[in-house]
Structures are given as structure tokens and as C-alpha cells.
Amino acid sequence: MVSPSLHATPTARDTAPALVTVRGLGIRYGAKVALQGVDLDIRRNEIFGIIGPANAGKTSFLRALNRMDEFVPHMQIDGTVTFAGRDVRTIRNLYALRSHIGVVFPLPVGLPLSIYDNVALSPRLRGERSKAVLDEIVERCLRRAALWDEVKDRLQGLGSLLSGGQQQRLTIARALSQEPELLLLDEFSIAVDPVTTMRIEEVLKELRRELTIVLVTNLVQQARRLADRTAFFLGGRCVEITPTERMFSGGATDPRTADYLEGRFG
Amino acid sequence: MTTVPSPFLPTAHEAGAYRWQSLVRFLFLSLTVLLLVPVLGILGVLVVEGAPAMTPSFFLDKPSKLGAAGGIWPALVGTIWLTAVALMVALPLGVAAAIYLAEYARDNWLTRLINLAIVNLAGVPSIVHALFGVGAFVYFLGFGESILAASCTLAVMTLPVVIVATRESLQAVPKAFREACWNMGASRWQTIWNIVLPNSVSGILTGLILVVCRAVGETAPIMFTGAVFLRMVAPESVFDRTMALSFHLYTVSTQVTEVPRAIPFAVALTLILVVLSMNALAIWFRMKLRGRKKW
């Protein structure tokens, strides 16, 4: 595999059509503006990092990608978001859109089903009935989420009774079981211990071969370790998008980004 | 030598707070215990007065002398019929309405109107429901005076409470579970079927049984819609008229002369036992369906 481009020279990847294009995106909750004027492209098979202080609009941005406004009260989306060439506002079948996008939120949600059923739920919703296929999916996804060894002997135990860190890895396994094209991770490591976080980060690096990841994180070092390009959000605006390597080696184009990276405000 | 004051000795203010706290606790405890008085009183009187009349033949025989003698078999079976049919009518209607309100309804004028209607329906006196039942089920739908008409009346009367109880069971399932499911691409119905209902079914069934059984103890709703003063045989279909324990209790205690003193007490005790055993069924359901805590 060709190592991802971290430099300004355009490669084939940089010019390939983006998986997600965002133009003039604004998000409001009632009268409160959470995000405005965001333009960016997320390329296929990249890890796109988003960093920024609280209330920067990072989570709202993720919500717009899979049309979560449908069930977040008073949420209004302006501008356009296209996913794989389709404007998400015009997609009638939102279930299909969401099944292509895996989401992991900061607080783990183990569904009140067995560990096995948690991971098998998405394939089953798609109509998969074969026990052998489901077994294979469950094992592969749990292994990738670095959870298999801990739960392989109790797959029938309740997923919602696992510890917080284990539930988060179960949530990741569940998102992977969707075989998504796009994976949205919103501060996935808050409830996970550092060692496991590292193991999951290794998995994410490998997953880049198969899918595209948007990583929202409060840990700027995590963005540095994982992201190909990093966006800095501040106060509801996207301040800059820069290849990660350059951003973290003093090449941030906006002085506010440099200030944030060095912890001078927050 | 000076004594160091212990930091754990209560100040005068704290000591006052403790005394006040003990007083309040005792007061609330005694008020709670007071609740037991009517329960024990009712049961005690019924058992003492009614138990001598409760022989096997009292349950299994048909009534004679207008209820002043003989047994209550047709009324006992009739009450069970009414309960079962009312449950079967209230379950689909109440659960469907509650699922709509809890899972699908947006906050708009229609939803607010429906909620207002539910609250108001719950406040309608049972005799008014009875007259509605006569008009709607006995005449308009042509059920005639029958178990079906009486049970439908009971179901309509209990629907508001069934809907509210069911909606609360549904809403007790955390929203995060639903969002996690929706984000996987599950439809609303797939989410309800896979996650919400399995985790609220025990609450729904328990609420339903408690509410409907309570209604079956009522006399007014069935008086004009299907209950009869005397019928020598137990009902055989939902289109039969039937005797019912509650109505039978009303007649033997007020309408029939020269009833032995023990009979009304025995009928009342039987009615309570029927309702209590239904409640026991509801509790058994709850324990069976929710044997383990899921989150």
C-alpha cells in the first residue's frame, strides 16, 4: 500500500473524487447557530481529523453527515452535503444512507441484547439469516474492535452489562458490522483505557485501506497519530484544513490553530 | 489542659436538624401505615363475614331464589369472560396508540389534541361510558346486550390509562438505544420491534392487566351493555348475556330481599379474589419477562 500523502504535492488520491463534499454547511438548533460556512472535502480512504474546543460544532458536523437532524429536535441544516455523489438532503431512503455510515459516540451504548446480537443486529437488519455468515461477521468485528479475546466465551451475555470501555469497543464492533463506507468517530476513546485506545488506533490505521474515517477528538495527539489531514473548528467555523504532518510541525496557516495546539487557549 | 473539641460533635443547629428529621420520618411512616387500615379492614370483615358461606357448592352451583340461595357459578365465569375479552380488545388498541404517541408522533396540534382527549377520557365517569357503550356497541354496531358489548365498553373506559401506562413503559427505554439503532440504518419499526418492545413488554402487560382487572370490578359500565340480573347457565360465546360478580353483588345487597347476611360478603370476597389472582398473574408475568436487569 502506498503511504498516504502528507505533503503538498498532489497525488492520485488528492485528485480522486471526494467521498463527502460539504459546501456552505450551516447548522442551527432553533435560534442558536452551531456551525456556519463550512466547505470541505473528505477523500476516500483517508482519516480526516477534526479538533477544536468545546462548542466548536464538531459533533454537529458529524450529525449533518448522516442526517441525524431527523431525530434531533429543532436541528436545521443549511448548505449541501453530498455523500458518494448524492446530496444527502435528497436521499429519500435515509435508512440506506445511515447503514453506509457507522457512528461511534463518546458515551458507549451497549444495546440491551446479547454481545453476539449487538454485533449481528445490523447484518440481520439487512436480511442476513445464515448462522455461519453471522458467526463470521461477529468474530471479525469483535476482533477488529480488540474485544474478541475478552468476550469470546460469553457471547450470549448482555452487551449492556459490560464495562464502559468494553461497551465502547462493542459499539465500534457494531459500527464495523455495518460494513460502512464512512466511519464517524466522536471522541471514541473517552471511556477507553490508554492501552486499548492504542490497540484500536492500530486497527483504525488498517481500516483506512477499506473505508474512510472522520475522527473528532479532543486529544490533539490522537489526531496527530492518526489523521491524514486535520481540520480545526472554532466557534462554529472551520478555521483551517491542513495535512496533519504540516499542521503539527509549525505549518498551521492560522495563528489560532497554533495557539490551540500549544494549549494557549481552550 | 484544654480539651480539643471533636470535629464530629453536632452543633446546636445540626442537633436540631436531626431531631426535626426524626420527627418528619416518624410522621410520614405513621401516615403510610395508616394506608394499611382500610386494606386490612376490608379483607378482615369480608373474610370473617363471608368465609362461612364459601363452600365448594357456592362457587359451582347456579343461583336460586334470585341469588338469595344457591351459588354464583354463572357470575364467576361471566366475570372471567368479561375480563378476558376486555383485555383482548384493550391490548391492541392501547398498545398501538401508545406506540404511535411515544415513537412516531411529532409535537404538533394533532398530538396535543390526542393527549388532551386521553386526559379528558380518563376523567369521564363510568356511568357515562356505560351510556356510550349502549349507543355505540349495543345499538350502532349491533352487538346487542352481550359480553362483547360490555367488554368493549370496559376496554374503552380503561384505554386512556392503558395508553398512558404503556407510553410510560416505552419511554422508560433510554433514547440512546433508539438513536444507536437509527444510526445503524434501522427503521423506526425495526428499532421498536428489536429494542423497544422487548424491553417494555413486561411493563406493558403488567399495566394492562392491573388496569383492566380494576375495571372489571365496576358495575355501571356493564349494567346496560351485557350484564343480567339472573342467568342460570354460564355464557358460551361473546354474544351471550352474562351474570357478573360486580353486578350480582349489587343485586344481592340492594335489590333482593331476605338474602342471608353472609352471601353478599362472600360474593364481594370472591370478586376481590378474582381481581387479586389476576394481579398475581400480572406480577408473575413481570418476573418471568424481566428476570434479569438489562442495563
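Two strands count as paired when DSSP finds at least two bridges between them, and Phe232(A) stands opposite Glu240(A) in S10(A). That's one spot in a predicted model, where local features need pLDDT of at least 70, side-chain atom pairs count only at pLDDT 80 or more, and totals for chains, interfaces and linings use all residues. Residues are numbered from 1 along each chain as its sequence is written, while chains are lettered from A and ligands numbered from 1 in the order in which they are written. Helices (H or I, at least four residues) and strands (E, at least two) are DSSP runs, numbered from the N terminus.

**The two chains at a glance**

- Chain A has 11 helices and 10 strands, and chain B has 13 helices and two strands.
- For 266 residues, a compact globule would have a radius of gyration near 18 Å, and chain A agrees at 18 Å. The radius is taken over C-alpha atoms, and the globule rule is 2.2 Å times the number of residues to the power 0.38.
- Along the principal axes, the C-alpha atoms of chain A fill a box of roughly 55 × 40 × 35 Å, and the C-alpha trace of chain B spans about 95 × 60 × 35 Å.

**The six-stranded sheet of chain A**

- This open sheet runs in the order S6-S7-S8-S3-S9-S10, with mixed pairing.
- Its edge strands are S6 (101–104) and S10 (237–243) of chain A, each pairing on one side only.
- From one strand to the next, the twist averages 15 degrees. Angles run from 0 to 180 degrees between N-to-C directions, and axes are lines fitted to C-alpha atoms, for helices over the stretch in contact.
- S9 (residues 229–234) of chain A is joined to S10(A) by six bridges, and the two run antiparallel.
- H7(A) packs on this sheet, where it touches S6 and S7 (182–186) of chain A, and its direction makes about 175 degrees with that of S6(A). Residues are in contact if their C-beta atoms, placed from the backbone, lie within 7 Å.
- H10 (residues 244–251) of chain A lies across S3 (47–51), S9 and S10 of chain A, running at about 100 degrees to S10(A).

**The four-stranded sheet of chain A**

- Here the order is S2-S1-S4-S5 in an open sheet, and the pairing is antiparallel.
- S2 (32–42) and S5 (86–87) of chain A stand at the edges with a single partner strand each, so one side of each has no neighbour in the sheet.
- S1 (residues 20–29) and S4 (residues 75–83) of chain A pair over eight bridges in the antiparallel sense. Val22(A) stands opposite Val81(A) in S4(A).

**Helix packing in chain A**

- The axes of H5 (residues 131–144) and H7 (residues 164–177) of chain A come within 8 Å and cross at roughly 130 degrees. That makes H5(A) oblique to H7(A). The cut-offs are under 35 degrees for roughly parallel, over 145 for roughly antiparallel, 65 to 115 for roughly perpendicular, and oblique for the rest.
- On the H5(A) side, Ile137(A), Cys141(A), Leu142(A) and Arg144(A) meet Ala173(A), Leu176(A) and Ser177(A) of H7(A). By class, this contact has five nonpolar, one polar and one charged residues. Ala, Val, Leu, Ile, Met, Phe, Trp, Tyr, Cys and Pro count as nonpolar, Asp, Glu, Lys and Arg as charged, and the others, Gly among them, as polar.
- The axes of H4 (residues 115–125) of chain A and H5(A) come within 9 Å and cross at roughly 115 degrees. H4(A) and H5(A) are therefore roughly perpendicular to each other.
- H4(A) brings Tyr116(A), Val119(A), Ala120(A) and Pro123(A) to that contact, and H5(A) brings Leu134(A), Ile137(A), Val138(A), Cys141(A) and Leu142(A). The residues divide into nine nonpolar, no polar and no charged.

**Helix packing in chain B**

- H5 (residues 109–122) and H7 (residues 147–171) of chain B pack at about 125 degrees, with their axes 7 Å apart. H5(B) and H7(B) are therefore oblique to each other.

**Where the chains meet**

- 16 residues of chain B are in contact with 17 residues of chain A.
- H8 (175–183) and H9 (188–196) of chain B are the elements giving two or more residues to chain B's side, and H8(B) gives the most, with six residues.
- By class, chain B's side has eight nonpolar, six polar and two charged residues.

Definitions and conventions:
Contact = placed C-beta atoms within 7 Å.
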